[in-house]
Amino acid sequence: MKTTTLHAKRVGPTLTPDRSRVLMRPFRPTTDDIARRIVARVMALPATEAARLLAQVLAEFGNRHEHVERIFRAHYEQAAIYLETDEQPSLERQILIGSYFTHEYSPESAALFNPSIVPHPDQSGLPEGALRFILSLRATGEGHISSITFRTGLLSAQQDITLTPPVPFVMEPARVPNTAYAKGLFAHKLEEAGVQNDFCRRVLDKLHDDFTLKELRQVLLASGLTDTSDATAIRAARGILLLAESNYEVNFAPDSRISQRVLFPSAPSQSNGIEDARFVRFRNDDGSFTYYATYTAYDGKITLPQLLQTPDFAHFKFSTLNGPAVQNKGMALFPRKINGQYAMLSRQDDENILIMFSDNIHFWQTPKVLLSPAQPWEFIKIGNCGSPIETEAGWLVLSHGVGAMRKYCLGAFLLDLNDPTRVIGRLREPLLSPNEAEREGYVPNVVYTCGALLHGRELVIPYAMSDSATSFATVPLDELLAAMS
């Protein structure tokens with residue numbers, strides 16, 4: 001290997017957290033009794049006072065969100081169980097009650113970081129040589145809860161980067177009602193998770209080959225389990241329900257813009273965060289494309305790699321990954337099958353980069369160590385920084401290395417195209433290290449990315465600065481390959 005020193009060029013622009021972009025989220029009082037008292041107080045208001053208060057709320061928050069009254073009404077529906085009367089409140093009072101069970105949440109109030117970048121599904125109407133892209137970012141707000149937010153932009157033929165100003169209003173998607181589960185796949189996931197037993201088999205036997213969450217709940221309810229039932233059956237029932245609730249689909253309004261859309265945690269396994277999504281445009285066997293992202297689900301105690309897929313960034317499917325290799329962080333999918341199999345980079349041991357293959361994208365079994373720390377700037381650990389990028393010379397992979405004082409730097413290595421278990425090139429020096437302007441932040445001394453993009457012969461790297469903000473760097477592909485040869 002040559003010892004050529006090569007550094008990526010910082011080109012900007014820089015994205016900082018925008019606290020003004022707020023979601024309207026359901027507010028849940030700490031106890032049911034408090035919730036009942038809140039509803040009772042609103043119900044006791046004279047009609048004129050209720051009307052005055054609602055007008056005040058709408059005047060204060062109506063210009064900060066779209067469809068405010070519709071959202072209040074939806075949150076009323078969730079709070080209606082606390083009504084202590086059979087009398088149906090007026091529509092006006094329902095909306096007012098809903099406002100008391102709503103709060104604003106700024107998803108990126110603390111940080112906007114760990115980006116990945118992919119080509120936009122729509123490349124129409126562009127100048128010659130230009131590319132429209134989607135940037136995914138980890139947004140972190142109050143309580144250190146992380147979600148996925150998006151921006152769009154344009155790469156010119158001259159490699160100029162222009163970000164599209166985001167829409168001020170943000171929104172969450174709606175759950176797809178009656179999402180169907182394939183019983184065979186569901187049973188396989190239960191078995192891999194170590195949950196499958198006689199109780200599970202009895203439950204599944206009562207379900208159709210394709211079943212819904214509602215039907216599953218009905219079968220579990222009819223099973224007669226109580227707090228005094230067999231502990232093994234109770235654990236199995238909880239495991240079945242947890243698996244179903246962690247595999248779901250959502251839709252954004254078709255007229256919404258990509259920059260409006262926020263994927264906020266909504267499943268038990270991700271209740272404390274959807275972290276570090278590594279998006280990749282995956283080429284299917286028929287030549288079509290699906291966008292996948294591996295992400296880390298965090299419930300406050302356990303982190304688990306999981307899978308996200310979308311054809312258009314409007315409809316998203318969340319799926320659990322299973323198998324003994326599904327652990328730790330940093331899984332990244334290759335952008336196509338290799339020798340008929342899915343391929344994935346990973347870091348199960350919190351030290352080395354590993355590689356694994358599978359016939360089924362949902363199940364991963366046996367990882368093999370691919371790369372270990374070698375240089376001082378990566379002595380603590382190394383990991384991938386997004387999905388491999390296919391070049392004529394091999395699979396180009398950006399990596400991160402952690403060195404003294406837990407300083408994170410970006411590196412790169414090259415894998416054989418036909419046999420990616422072979423490392424054929426590697427940078428000895430960091431490609432990008434935190435400079436003085438990037439050292440301060442939520443986590444100091446860190447540069448990090450979850451995926452880069454090759455545009456012509458230029459590698460475009462969106463990167464996070466100390467877990468706080470995001471910028472861009474570029475490096476000529478030919479110079480990078482030469483430095484690793």
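N328 lies in the loop that runs between β16 (315-320) and β17 (329-333); strands are DSSP runs of E of at least two residues and helices runs of H or I of at least four, numbered from the N terminus. The model is predicted, with local features requiring pLDDT of at least 70 and side-chain atom pairs pLDDT 80 or more, while totals for chains, interfaces and linings use all residues. Residues are numbered from 1 along each chain as its sequence is written, and side-chain values use heavy atoms, with hydrogens and water left out. A polar atom of the N328 side chain lies 3.2 Å from the backbone oxygen of Q348. Leaving aside residues up to four places away in sequence, N328 touches T303, P305, R347, Q348, D349 and D350 (contact: heavy atoms within 4.5 Å).

The axes of helices α3 (residues 68-79) and α4 (residues 91-100), fitted to C-alpha atoms over the stretch in contact, come within 7 Å and cross at roughly 80°. The two helices are therefore roughly perpendicular (65 to 115 degrees). On the α3 side the contact involves E69, F72, R73, H75 and Y76, which meet L91, Q94, I95, I97, G98 and S99 of α4.

Five cavities of 30 Å³ or more were counted, a cavity being a set of points on a 1 Å grid where a 1.4 Å probe fits but cannot get out. The largest cavity holds about 40 Å³. Its lining (residues with an atom within 4 Å of a point) comprises L371, W377, E378, I382, S399, G411, A412, F413, R426 and L427. Strand β24 (residues 408-415) supplies the largest share of this lining, three residues.

Note on methods
A polar contact is a pair of N or O atoms within 3.5 Å; within protein, one must be able to donate a hydrogen and the other to accept it, and residues adjacent in sequence count only if both atoms are side-chain atoms. On a 1 Å grid over the protein atoms alone, a cavity is a set of points where a 1.4 Å probe fits but cannot get out, and a pocket is an open set with protein on both sides within 12 Å along at least five of seven lines; lining residues have an atom within 4 Å of a point. Grid points are joined across faces, edges and corners, and a volume is the space filled by probe spheres set on the points. Axes are lines fitted to C-alpha atoms, for helices over the stretch in contact, and angles run from 0 to 180 degrees between N-to-C directions. Angles under 35 degrees count as roughly parallel, over 145 as roughly antiparallel, 65 to 115 as roughly perpendicular and the rest as oblique.
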